Amino acid sequence: MSDDSDQEKTEQPTEKKLRESREKGEVPRSRDLSGALVVLAGVAALMNSGQSALEHARRIFALGLGYSRDALFTDALAGSALHAAMHEALLLFAPVAIATLLAALAGPLLLGGLNFSTEALQPKFERLDPIKGLGKIFALRGLVELGKALLKLLFIGGVLALVLQHWQGELQATGRGSVAAGIAQSIGLLGRAALWFGVILALIGTIDALYQKFDHAKNLRMTKQEIKDEMKESEGNPEMKGRIRQVQQAQARRRMMEELPRADVLVVNPTHFAVALRYDDGRMGAPRVIAKGVDVLAAQIRLVAASHRIPVVEAPPLARALYATTELGREIPASLFVAVAQVLAWVYQLKQAAAQGESPPAAPNPEVDPDLMGPYRDA
């Protein structure tokens, strides 16, 4: 058999493989997509709350420049001014903070879903090995990541440079008017530039997210041998399963033989079937099959029954019907109540005759619906 490394990983991952991957914290993630969502959310929040943000910023500056003469001589001036400034700063940055926090959570959810792995949090000291670290940097994957970063830098920088060149006239105009108009115009230009940056990053993030999803699925692919090994591991070795089944059958047969002496009657088909019945009207709703077998096992059951003087009745149709319809340890079905009642009545009459020294009664021959015999109808 060839080694797994010699086989191509062409098969889709199994559910077990996917589950183990998630438990290890290995899910597709895109830093570019998460970064793009954070930037876009922050820019959107700033543009939406621009007027209120300017008002909160004006109040913060006013707190440091305007105060009354009486407040100057109190000890509470610094504390109250700091408290008020922190309150205004919180209101200033709250929309942006909330928007970026939600965007940071949305990025992973969109691609790999919510996943918490304790295994991923465990410290791995091999990562501190500087030799391995240098090997990863100069490995093919590290060089590819470096090339991607340089391409993104050139692309984003080039697009922003073209945008700023297009806005060159507006930038020069910011210093020609009033201070307030210049500040407002500068903030507007910065907001539009940040929006362009977010859109470009979103485009790159979308492409990267698709690649990360494809790469993750590719890394999880399995060889045909790996799938066979997993199936063998999950279902168990066939030889071991057969051995366990044999042990279980032997134990069940031993328990059956231990229970057999408590039987009230043994119904047989002289050479093939033997079914032992027990009935306790105080604990059972109907007679119960406590032993059954065919051929060799039936012969063993008859020997044990004879050694314990259990009454034996030859009723081939009933024996085959009991064997076909009733599992070991189960009560007989209602369709056999009448037939089994005739047999138990005979057992009672047999014991009564033996106690009184009378001749034994004739054995019953109960009628049974042939359909109840199942596959043993012609046995």
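Colleague: In which sense do strand 1 and strand 2 pair, and over how many bridges?

Modeller: Antiparallel, over five bridges. Strand 1 covers residues 265-269. Two strands count as paired if DSSP finds at least two bridges between them, so five bridges qualify. Strands themselves are DSSP runs of E, at least two residues long, and helices are runs of H or I, at least four; both are numbered from the N terminus. This is a predicted model, with residues numbered from 1 along each chain as its sequence is written. Local features need pLDDT of at least 70, side-chain atom pairs need 80 or more, totals for chains, interfaces and linings use all residues, and side-chain values use heavy atoms without hydrogens or water.

Colleague: Which residue is the bridge partner of Val 267 in strand 2?

Modeller: Val 275. Strand 1 and strand 2 form a hairpin, with three residues between them.

Colleague: How do you know that strand 2 is largely enclosed?

Modeller: Six of the six residues in strand 2 (residues 273-278) are buried, so the rest of the structure largely encloses it. Buried means under 20% relative accessible area, exposed means over 50%, and partly exposed lies in between (1.4 Å probe, protein chains only).

Colleague: What covers the case for both faces of strand 2?

Modeller: Phe 273, Val 275 and Leu 277 are buried on one side. Ala 274, Ala 276 and Arg 278 are buried on the other. In a regular strand, side chains alternate between the two faces of the sheet.

Colleague: How many bridges link strand 2 and strand 3?

Modeller: Six, in the antiparallel sense. Arg 278 has Arg 288 as its bridge partner in strand 3. Ala 276 stands opposite Ala 291. Strand 3 is mostly covered, with five of its seven residues buried.

Colleague: Why is the contact of Arg 288 with Glu 331 called a salt bridge?

Modeller: The term needs a side-chain nitrogen of Lys or Arg within 4 Å of a carboxyl oxygen of Asp or Glu. The closest N and O atoms of Arg 288 and Glu 331 are 3.6 Å apart, so the pair qualifies. Arg 288 lies in strand 3 (residues 288-294), while Glu 331 sits in the loop between helix 14 (316-325) and helix 15 (337-356), so the pair ties together parts 43 residues apart in sequence. Arg 288 is partly exposed at 27%. Glu 331 is partly exposed at 35%.

Colleague: How many salt bridges does a search of the whole structure find?

Modeller: Three. One joins Glu 259 and Arg 262, with closest N and O atoms 3.1 Å apart. Another joins Arg 283 and Asp 280, at 3.2 Å.

Colleague: Why do Arg 283 and Asp 280 get their accessibility labels?

Modeller: Arg 283 has 61% relative accessibility, so it counts as exposed. Asp 280 has 22%, so it counts as partly exposed. Glu 259, at 26%, is partly exposed. Arg 262, at 40%, is partly exposed too.

Colleague: Which residues make the nonpolar surface patch?

Modeller: Ile 98, Leu 101, Leu 102, Leu 105 and Leu 109, with an area of about 510 Å². Patch members have over 30% relative accessible area and no salt bridge; nonpolar side chains (Val, Leu, Ile, Met, Phe, Trp, Tyr) are joined within 5 Å, like charges within 9 Å. Leu 101 lies in helix 5 (residues 77-111). At 53% relative accessibility, Leu 101 counts as exposed.

Terms used. Accessible areas come from the Shrake-Rupley method with a 1.4 Å probe; for residues, only the protein chains shown count as cover.
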